[in-house]
Amino acid sequence: MTQLNKAAMQHNLHPFSNNQELIDKGVRVIERGEGIYIYDTDGNKIIDGMSGLWCTNIGYGRTELSDVAKAQMDKLAYYNTFFQTSNTAVIALANKLAEVTPSQYNHVFFTGSGSESCDSMIRLVRHYWRSVGKPQKKILIGRWNGYHGSTIGGTSMGGMKSMHEQGDLPIANITHIEQPAYYELHEAGETPEAFGLKAANWLEEKILEVGADNVAAFVAEPIQGAGGVIIPPSTYWPRIQEICRQYDVLIVSDEVICGFGRTGNWFGFETFGFEPDIFTFAKGVTSGYQPLGGVMLSDRVAAGVLQGGELQHGFTYSGHPVTSAVALKNLEILQEEQIVERVRDDIAPYFQQRWQETFAPFAHADDVRGCGMIASFKVVKAKGEPFSDPARAGSLCKDIFFGNNLIFRSTVDNIICAPPLVITKAEIDEMLALAAKSL
Ligand code: PLP
């Protein structure tokens, strides 16, 4: 095991970490990246099976992105999109987003992160209903164990109980339903398809409980990522869409992880066959090279927002020229190198097949699953039998991989892998051979 760096923790509090433990133990300091590999300051070559935090879709070291960042900084390092101004980079990016999304999405509000996108979404949803004369439609329904960021709004919208407890949340008019987690929640003999319909109908029950006239939106990730790769059965999303249309409830897809190719289509809603009224994005839009996010509105919602007068919302960095230029180049690379098509037709099927071959036979792996370039399994005592402390089991397993220079993530007892979309078949083999050896 490599020597951990304690100096790194002297002044810096780390997110989602036990900081006292890290001060005692130290951390690995990552110095550079190339393709799917990152290198620490001790010279270790590490396979990044998580694309950073599900974001470096085009891999590390693409100098085209640093070139456009420098060129844009040299030309115009900052100007905003407030008060009757814009800049050429953000105009080009907004046009590109309208081009790569299905035809009904033509208006975008820019933010600096996924959390800001989810907060902005909550404000836009409520603004929309007020604008169209239904101000009582205020309640947003999310899902337990969903993740929509770490701000007050994002944490409230998400369903992470430990985050709620630490922040005295959620805020008013946000409520949650149970997640479509087949493995944990299905009854004996229930098929995934039947369970998917039942889980979607929990939304209808909640709408009827709080009153359809009060419900503004249903907000969910196509696949719950941070919650542990909960992939809904195929029946789930179409039924959710039916319910939302029936009760005039907006559908919001949080595409922060699934967007920009991760599931084998440009967006997760395309993979799961539904049409959101609004979707949030971040991460893959710049492949993590710059912090940028946004909220994309369908024409219906945009029309309502536009008729609502002055938008009382915005960030200094909404439409930042440098982050916009980098995002545009990233999207051009995704298009020119046909990365999304390659994921869908070639790399994801190979990755999923090899993931199954590697982990399904392993006695301590259960619920071996995946979609596109996301895969997971549960580390268990035996098939169908969880460890008594599942979170500790998952964390120890992840640490073993980490010690072998392989980054996977753990959420409770789920081991998660979401490598850069540009990973080759040989690199998939290398990554999974290292995982098998570690186990
Ligand atoms: N929404 C989803 C689905 C996410 O996975 C994340 C982050 O992982 C966020 C929102 C928050 O994004 P950020 O960390 O950029 O604020």
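Here is a chat about the predicted model shown above.

Q: What should I know about the numbering and the model before I start?
A: Residues are counted from 1 along each chain as its sequence is written. The model is predicted, so local features need pLDDT of at least 70 and side-chain atom pairs count only at pLDDT 80 or more, while totals for chains, interfaces and linings use all residues.

Q: OK, how many helices and strands are there?
A: The protein chain has 16 helices and 15 strands. Those are DSSP runs numbered from the N terminus: helices are H or I with at least four residues, strands are E with at least two.

Q: And how much of the chain is buried?
A: 49% of the 439 residues count as buried. Buried means 20 or more other C-beta atoms within 10 Å of a residue's own, exposed means 12 or fewer, and partly exposed is in between, with C-beta atoms placed from the backbone.

Q: Switching topic: which residues come nearest the ligand?
A: Ser-113, Gly-114, Ser-115, Gly-149 and Val-256, out of 15 residues around the ligand. A residue is near if its C-beta atom, placed from the backbone, lies within 6 Å.

Q: Which helix gives the largest share of that shell?
A: Helix H5, residues 114–131, with three residues.

Q: How do helices H4 and H13 cross?
A: The axes of H4 (residues 88–100) and H13 (residues 321–336) come within 8 Å and cross at roughly 35°. Axes here are lines fitted to C-alpha atoms over the stretch in contact, and angles run from 0 to 180 degrees between N-to-C directions.

Q: Which residues meet there?
A: On the H4 side they include Ala-89, Leu-93 and Val-100, and on the H13 side Pro-321, Ala-325 and Leu-331 are among them. In contact means the C-beta atoms, placed from the backbone, lie within 7 Å.

Q: Which phi value does Val-229 have?
A: Phi of Val-229 is near 55°, which is positive in a residue other than glycine. Lys-283 isn't a glycine and has a positive phi too, about 30°.

Q: Is Lys-283 buried or exposed?
A: Lys-283 counts as buried because it has 27 C-beta neighbours inside 10 Å. Its place is the loop between strand S9 (278–281) and strand S10 (293–298).

Conventions
Contact = placed C-beta atoms within 7 Å.
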